[in-house]
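Here is a protein chain to look through together. Take a moment with the sequence and the fold before reading on.

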Amino acid sequence: GAPLDPRYTFGNFIVGKPNELAHAAARRVAEGGPVGFNPLFLYGGVGLGKTHLMHAIAHDYQTRHPMAQVLYLSAEQFMYRFVQALRESTIMDFKGMFRNVNMLMVDDVQFIAGKDSTQEEFFHTFNALVDQGKQIVISADRAPAEIKGLEERIKSRLSCGLIVDLHPTTYELRLGILQSKTEGFRAQQPDLEIGTGVLEFLANRITTNVRVLEGALQRLFAHASLLRREITLEVAQECLADILRTNDRKISIDDIQRKVAEHYNIRLADMVGPKRARNVARPRQIAMYLAKQLTSRSLPEIGRRFGGRDHTTIMHGIRKIEELVTEDHALAEDVALLKRLLEA
Ligand code: ADP
Ligand code: MG
């Protein structure tokens, strides 16, 4: 499989409200034994710790069961190897390798959506392992039902174990992660001073994802160490100006229309066009609703951006979605997902 990062352990994983369930499930699966979470399906936005948790499971399980075979790889690597095996006529070896593991972990499974022969092979591998009582751990950027282009039978298979999501980070979790990473840096460079309020400032201002947060802290320490300066608020603002700026990036109506069109598989032009068919009109109304929620544009402005529609049309669209999210669970999930993707 792919190499495991030795730093991605349970010990280095900070637990907070947004990830406590995913963490608990990961711990349980790592213990081995008949837990019944098969597969464990972890999902969430970029940089929220899916890969970290998967590696942590692998490390911990391997420590408890030194003779067990753990195979961790990304869905992309799965496809690559499958294609290679087909080309080199080593498909039996390929199948054998997967059928012999005790735990199979496939990261970012959304990658195989739309790739038919790879999905087919994945489905057989999955079934063979589950039938033998082997543990499977899968991650994706969204829930199985939300992965477009994934076969129904795979979605239903992926949903038979435990599905847990990593929620967007909270201020408390971000601060906790920063404090823990800072301890790590300070252990290596004890003479570096970090001013009060700096970590709080970063936790407040860098909300996109944990990877960016970590990168910012790392850069800050490198910068301060080179210049032999204390890390003050001013140093942080200056040194991280670019990151702070992108994090402030406003969501545009363009972004919203693009994402919604992509999600519902309609043309971007239909967002602003006149079609009234439900399969086009509904996504358009969702985009209007998100434009109102996620931008500071007025209704007339939103109307202009939706092909010059009147503000009452926009209002009607928004009301319709407000109403639907309370009664149509699937639609509410769609809207929540789109919001999450746009805010990521
Ligand atoms: P994902 O796979 O969900 O995109 P990763 O697992 O690659 O995210 O996490 C991105 C970075 O953030 C990694 O360096 C990881 O160690 C770190 N990270 C994410 N969540 C946490 C956490 N709760 N505690 C400590 N580090 C975290
Ligand atoms: Mg990942």
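The questions and answers below go from the whole chain down to single side chains.

Q: Is this model predicted or experimental, and how are its residues numbered?
A: The model is predicted, so local features need pLDDT of at least 70 and side-chain atom pairs count only at pLDDT 80 or more, while totals for chains, interfaces and linings use all residues. Side-chain values use heavy atoms, with hydrogens and water left out, chains are lettered from A and ligands numbered from 1 in the order in which they are written, and residues are numbered from 1 along each chain as its sequence is written.

Q: How many helices and strands does the chain have?
A: Helices (H or I, at least four residues) and strands (E, at least two) are DSSP runs, numbered from the N terminus. Along its principal axes, the C-alpha trace spans about 70 × 55 × 40 Å. The secondary structure comes to 17 helices and five strands.

Q: What share of the chain counts as buried?
A: A residue is buried under 20% relative accessible area, exposed over 50% and partly exposed in between (1.4 Å probe, protein chains only). The chain has 344 residues, and the buried share is 46%.

Q: What percentage of the contacts with a separation of 6 or more is between residues 24 or more positions apart?
A: A contact here means heavy atoms within 4.5 Å. Among the contacts with a separation of 6 or more, residues 24 or more positions apart account for 74%.

Q: Which residues touch the most other members of the largest nonpolar core?
A: A nonpolar core is a set of buried Ala, Val, Leu, Ile, Met, Phe, Trp, Tyr and Cys residues joined through side-chain atoms within 4.5 Å. The largest one has 28 residues. At least two of its residues come from each of β1 (40-44), β2 (70-74), α3 (75-87), α4 (91-99), β3 (103-107), α5 (116-131), β4 (135-140) and α6. Those touching the most other members are F41, L104, V106, V109, F122, I138 and L158.

Q: Which residues does F122 touch, not counting residues up to four places away in sequence?
A: F122 is among the residues of the largest core that touch the most other members. With those sequence neighbours left out, F122 touches F78, V106, V109, I112, I138, I154 and L158.

Q: Is T125 buried or exposed, and which side chain does it meet in a polar contact of 3.4 Å?
A: T125 lies in helix α5 and is buried, because its relative accessible area is 1%. A polar contact is a pair of N or O atoms within 3.5 Å; within protein, one must be able to donate a hydrogen and the other to accept it, and residues adjacent in sequence count only if both atoms are side-chain atoms. Leaving out residues up to four places away in sequence, T125 touches F78, F98, R99 and L104. The side chain that T125 meets in the polar contact of 3.4 Å is that of R99.

Q: Why does K155 count as buried?
A: K155 lies in helix α6 (residues 152-158). Leaving aside neighbours within four places in sequence, K155 is in contact with P144, A145, I147 and L150. K155 counts as buried because its relative accessibility is 13%.

Q: How many salt bridges are counted between domain 1 and domain 3?
A: A salt bridge is a side-chain nitrogen of Lys or Arg within 4 Å of a carboxyl oxygen of Asp or Glu. Seven residues of domain 1 are in contact with six residues of domain 3. The salt bridge count between these two domains is zero.

Q: Which residue forms a salt bridge with E214?
A: The closest N and O atoms of this pair are 2.8 Å apart. The pair links helix α9 (residues 210-227) with helix α7 (residues 171-188), 33 residues apart. The partner of E214 is K181.
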